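Subject: Handing over the model

Hi there,

Here is the structure I promised to pass on.

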Amino acid sequence: MRVIALVPAAGMGKRMGAQINKQYLLLAGKPIVAHTLQVLEDAPFIDDIYVIVPEAEIPFCREHVVERYALTKVRGIVAGGAERQYSVMNGLRALTGTDVDDVILIHDGVRPFISLSVLEKSVEIAREKGGALVAVPVKDTVKIVVDGIVRETPLRETLWLAQTPQTFRYSIIIAAHEIAAAERYLGTDDASLVEWMGKDVHIVLGDYRNIKITTPEDLVMAEAFLKENAPFPQSLR
């Protein structure tokens, strides 16, 4: 069974307020997405990588990320869609010779602080149970608010913050995307499509440092992590 990583990096990064898309902003002198791809490249259990970017950026990504950093596991650069869900679907459709039991690992291009151990655990759970979601418990009390009034305070121990990777057997995730497309259902992430289809998604405990870099504040935090010399993946040291 192969392990194939799909890396959505087609976001426009409007919240970052930069002149280039967030995935190409430099972190320690290297594009954020290049750091993320390097972690996947270094994972011995990952066989193939497909990067998903805006169509106009494919040549730039190939030259300035894939070729520049010699990312040999990248088998293709795929044009993204108007929504993240459509980008992932494009990535799934770009796969060739995929077996139903192959494992598809979907990881945000702007989450460079994912550890090899969490990646590996995610693959193991997906292979065994069909679907895995990396997440961390909510630290703060959460309120459900309607029209500016608190309506409910859900139990904090039942609430988790979803991260990536989100990992599934190929037969499950392709079916979830195809059914969602046919029903015109737009989910908030890939796990939500599998849940909507009626399949279980199992939690893998993540790391609070596995941040998604989408705002200037996130980039400052990422740089602070590096200065602290925290035990992040080798590519970020």
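Below are my notes on its salt bridges, a pocket, a surface patch and a loop residue.

First, the ground rules. This is a predicted model, so to speak by convention: local features need pLDDT of at least 70, side-chain atom pairs count only at pLDDT 80 or more, and totals for chains, interfaces and linings use all residues. Residues are numbered from 1 along each chain as its sequence is written, and side-chain values use heavy atoms, with hydrogens and water left out.

Salt bridges

The structure holds eight salt bridges (a side-chain nitrogen of Lys or Arg within 4 Å of a carboxyl oxygen of Asp or Glu). One of them joins the side chains of R2 and D102, at 3.6 Å from N to O. That pair links distant parts of the chain, 100 residues apart: R2 sits in the segment before strand 1 (3–8), and D102 in the loop between helix 3 and strand 6 (103–106). Helices (H or I, at least four residues) and strands (E, at least two) are DSSP runs, numbered from the N terminus. R2 is partly exposed, with a relative accessible area of 27%, whereas D102 is buried at 3%. For these words, buried means under 20% relative accessible area, exposed over 50%, and partly exposed in between (1.4 Å probe, protein chains only). R2 and D102 also belong to a network of salt bridges that links them with D48 and R75.

R84 and D190 form another salt bridge, at 2.7 Å from N to O. R84 lies in helix 3 and D190 in helix 6, so the pair ties together parts that are 106 residues apart in sequence. R84 counts as partly exposed at 27% relative accessibility, while D190 is buried at 2%.

There is also a salt bridge between the side chains of R209 and D207, at 2.9 Å from N to O. R209 is partly exposed at 27%, and D207 is partly exposed at 24%.

The second largest pocket

R84 and D190 turn up again here: along with T188, D189 and K212, they lie nearest the centre of the second largest pocket, which has 17 lining residues. A pocket is an open set of points on a 1 Å grid over the protein atoms alone, where a 1.4 Å probe fits, with protein on both sides within 12 Å along at least five of seven lines; lining residues have an atom within 4 Å of a point. The space in this pocket comes to about 280 Å³, counted as the space filled by probe spheres set on the points. Helix 3 (84–94), strand 10 and helix 6 (190–196) each supply at least two lining residues, and strand 10 gives the most, with four.

Surface patch and loop

W160, I203 and L205 make a nonpolar surface patch of about 300 Å² (residues with over 30% relative accessible area and no salt bridge, nonpolar side chains being joined within 5 Å). I203 lies in strand 11 (residues 202–205) and is partly exposed at 41%.

T158 is in the loop between strand 9 (149–152) and strand 10 (160–169). T158 is exposed, with a relative accessible area of 52%, and its side chain reaches the backbone oxygen of L155 at 2.7 Å.

Best wishes

Methods. Patch = residues over 30% accessible without salt bridge, like charges linked within 9 Å, V, L, I, M, F, W, Y side chains within 5 Å. Areas by Shrake-Rupley, 256 points an atom, 1.4 Å probe, with all protein chains shown as cover. Polar contact = N/O pair within 3.5 Å; in protein donor to acceptor, adjacent residues only side chain to side chain.
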